Amino acid sequence: MVRGKVEMKRIENPASRQVTFSKRRNGLLKKAYELSVLCDAEVALIIFSQKGRLYEFSSSNMQKSIEKYLERAREERGNDQVEQRMQHEAALMKKKIELLENSQRKLLGQNLGAYSLQELHETENQLQRSLHSVRARKALLFKEETEKLLAKEKLLLEENSKLRQKCELREAERGSQSQTTLSSEVVTELFIGPPTTRNAQDFSTFTHK
């Protein structure tokens with residue numbers, strides 16, 4: 001006799017429901033045992049009947065299997081939360097990039113046909129504000145660069161003045177040394193050297209007078 005296909009819905013007859021539960025429970029426990037033996041898998045099966053009666057099977061230790069399941073479930077939930085948060089951040093970043101690209105194209109004057117007069121007016125005002133900011137920044141940099149050059153020029157002038165003073169001082173010292181040497185040579189010539197012929201003649205003439 002061919003067995004008919006059972007419709008998957010709650011069995012209304014309590015007696016038939018209890019018989020079906022007993023048969024399928026035993027079959028499920030048998031399949032769990034076979035799976036653990038044939039595939040060397042860690043299997044833990046928990047069944048509660050309609051009246052709250054407990055039926056269980058574990059290929060190793062039920063408590064350790066439950067703890068392992070809870071730990072792995074927490075990790076999976078944590079990974080799912082991280083993945084969801086990253087997907088949300090990626091979606092926000094993608095939206096920001098699209099807005100920036102649209103704004104850039106608008107500022108560059110591309111694809112303006114899709115914008116209204118009000119949007120074009122706002123874009124024009126934004127460009128004017130940007131141009132004002134650029135010019136102000138440029139003027140500030142120019143002023144800072146000018147001040148740096150002036151300060152550098154002042155420093156170079158001061159160093160040049162110091163060098164000139166040092167050169168003048170050295171020239172004065174050299175002149176003083178030359179004058180001292182010349183004076184020493186004149187004194188030596190007058191008092192140590194023999195009298196010249198002209199001086200002797202003058203002395204003789206003075207004596208005869």
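**Briefing on a predicted protein model**

Leucine 38 is located in helix H1, which spans residues 14-39; helices (H or I, at least four residues) and strands (E, at least two) are DSSP runs numbered from the N terminus. The structure is a predicted model, in which local features need pLDDT of at least 70 and side-chain atom pairs count only at pLDDT 80 or more, while totals for chains, interfaces and linings use all residues. Residues are numbered from 1 along each chain as its sequence is written, and side-chain values use heavy atoms, with hydrogens and water left out.

**Overall architecture**

- The protein contains 4 helices and 2 strands, and their order along the sequence is α-β-β-α-α-α.
- Of the 209 residues in the protein, 7% are buried; buried means under 20% relative accessible area, exposed over 50%, and partly exposed in between (1.4 Å probe, protein chains only).
- The protein exposes about 19,500 Å², with carbon and sulfur atoms supplying 57% of that area. Accessible areas come from the Shrake-Rupley method with a 1.4 Å probe, and for residues only the protein chains shown count as cover.
- Among the contacts in the protein with a separation of 6 or more, 17% are accounted for by residues 24 or more positions apart; a contact means heavy atoms within 4.5 Å.

**Nonpolar surface patch**

- Leucine 38 counts as exposed because its relative accessibility is 72%.
- Together with Tyr33 and Val37, Leu38 forms a nonpolar patch on the surface, and the three have about 360 Å² of accessible area together.
- Patches are made of residues with over 30% relative accessible area and no salt bridge; like charges are joined within 9 Å, and nonpolar side chains (Val, Leu, Ile, Met, Phe, Trp, Tyr) within 5 Å.

**Salt bridges**

- The count comes to 4 salt bridges, where a salt bridge is a side-chain nitrogen of Lys or Arg within 4 Å of a carboxyl oxygen of Asp or Glu.
- One of them joins the side chains of glutamate 12 and arginine 10, at 3.3 Å from N to O. Glutamate 12 has a relative accessible area of 59%, and is therefore exposed.
- Another salt bridge links the side chains of glutamate 75 and arginine 72, at 3.7 Å from N to O. Both residues lie in helix H2 (residues 62-107), where they are 3 residues apart, about one turn of the helix.
- Glutamate 75 counts as partly exposed because its relative accessibility is 40%, and arginine 72 counts as partly exposed at 46%.
- Arginine 174 and glutamate 171 also form a salt bridge, their closest N and O atoms being 3.7 Å apart. These residues are separated by about one helical turn because they are 3 residues apart in helix H3 (residues 117-191). Arginine 174 and glutamate 171 are both exposed.

- Leucine 29 is placed in helix H1.
- Leaving aside residues up to four places away in sequence, leucine 29 touches Leu45, Ile47, Glu56 and Phe57.
- Serine 49 sits in the loop between strand E1 (44-48) and strand E2 (54-58). Serine 49 is buried, because its relative accessible area is 15%.
- With residues up to four places away in sequence not counted, serine 49 touches Phe21 and Tyr55.
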